[in-house]
Amino acid sequence: MDMGSCSSKDVFALQVQGNSMAPEFQDGAVIVIDPQGHVKDKSYVIANLNGELVFRQILIHGGEMTLRVLDGSEPESQIEDLKVIEGVVIQQAGRRRKDRKFYRPEGLS
């Protein structure tokens with residue numbers, strides 16, 4: 001039995017490090033990621049760029065896809081396809097992403 005592991009399809013949480021995604025996501029914010037989430041223009045995503053997991057916003061225009069940080073501190077990265085996307089941010093601790101439909105009702109643990 002493999003205790004402590006999770007399926008790549010399980011929703012998971014990460015803590016934001018740094019302010020590159022401010023003002024929407026501050027340093028220390030906890031975000032919830034759905035590996036099976038629907039990627040669309042301006043979604044916030046976790047992507048695997050050259051073996052490193054990064055938190056970015058995806059911009060999709062025509063056939064081009066770009067990953068960017070919100071504060072402009074890093075250059076945008078062009079991606080060929082969605083295979084680099086590890087998941088879509090569906091919630092921030094204390095704040096729910098308005099474009100998601102299914103959440104646990106308040107008061108349930």
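Tutor: Ala, Val, Leu, Ile, Met, Phe, Trp, Tyr, Cys and Pro count as nonpolar, Asp, Glu, Lys and Arg as charged, and the others, Gly among them, as polar. The model is predicted.

Student: How do the residues lining the largest pocket divide into nonpolar, polar and charged?

Tutor: The lining of the largest pocket has 14 residues. Sort them by type. They divide into three charged, three polar and eight nonpolar.

Student: Which strand gives the largest share of that lining?

Tutor: Two strands, E1 (12–15) and E4 (52–61), each supply at least two lining residues. The largest share is five residues, and their source is E4.

Student: What is the volume of the largest pocket?

Tutor: Rolling a probe the size of a water molecule over the atoms shows where empty space is left. Nearest the centre of the largest pocket lie Gln15, Gln17, Leu53, Val54 and Phe55. The pocket's volume is about 350 Å³.

Student: How many aromatic pairs does the whole structure hold?

Tutor: A pair of aromatic rings is described by the distance of the centres and the angle of the planes. A search of the whole structure gives three.

Student: Which kind of aromatic pair do Phe25 and Phe55 form?

Tutor: Their ring centres are 4.9 Å apart, and the planes make an angle of 75°. Planes over 60 degrees apart count as edge-to-face. So the pair of Phe25 and Phe55 is edge-to-face.

Student: How many residues apart in sequence are the parts that this pair ties together?

Tutor: Phe25 lies in the loop between E1 and strand E2 (30–34). Phe55 lies in strand E4, so the pair ties together parts whose separation in sequence is 30 residues.

Student: Is Phe25 buried or exposed?

Tutor: Buried means under 20% relative accessible area. Phe25 has 0% relative accessibility, so Phe25 counts as buried.

Student: Which kind of pair do Tyr44 and Phe55 form?

Tutor: Phe55, at 11% relative accessibility, counts as buried. Tyr44 and Phe55 have ring centres 6.4 Å apart, with 55° between the planes. That makes the pair tilted.

Student: Which strands does the pair of Tyr44 and Phe55 tie together?

Tutor: The parts are eleven residues apart in sequence. Tyr44 lies in strand E3 (residues 44–49) and Phe55 in strand E4, so the pair joins E3 and E4.

Student: Which residues form one aromatic cluster?

Tutor: Phe55 pairs with Phe25. Phe55 also pairs with Tyr44. The cluster is Phe25, Tyr44 and Phe55.

Student: Which residue's backbone nitrogen does the side chain of Asp34 reach?

Tutor: Asp34 is found in strand E2. Asp34 is buried, with a relative accessible area of 10%. At 2.8 Å, its side chain reaches the backbone nitrogen of Gln36.

Notes
Residues numbered from 1 in each chain as written. Predicted model: local features only at pLDDT ≥ 70, side-chain atom pairs only at ≥ 80, totals over all residues. Heavy atoms only, no water. 1 Å grid on protein atoms, 1.4 Å probe; cavity = no way out; pocket = protein on both sides within 12 Å on 5 of 7 lines; lining within 4 Å. Points joined across faces, edges and corners; volume = space filled by probe spheres on them. Helix = DSSP H or I, 4+ residues; strand = E, 2+ residues; numbered from the N terminus. Phe/Tyr/Trp six-rings, centres within 6.5 Å; stacked < 30°, edge-to-face > 60°. Buried < 20%, exposed > 50% of the residue type's maximum accessible area, 1.4 Å probe, protein only. Polar contact = N/O pair within 3.5 Å; in protein donor to acceptor, adjacent residues only side chain to side chain.
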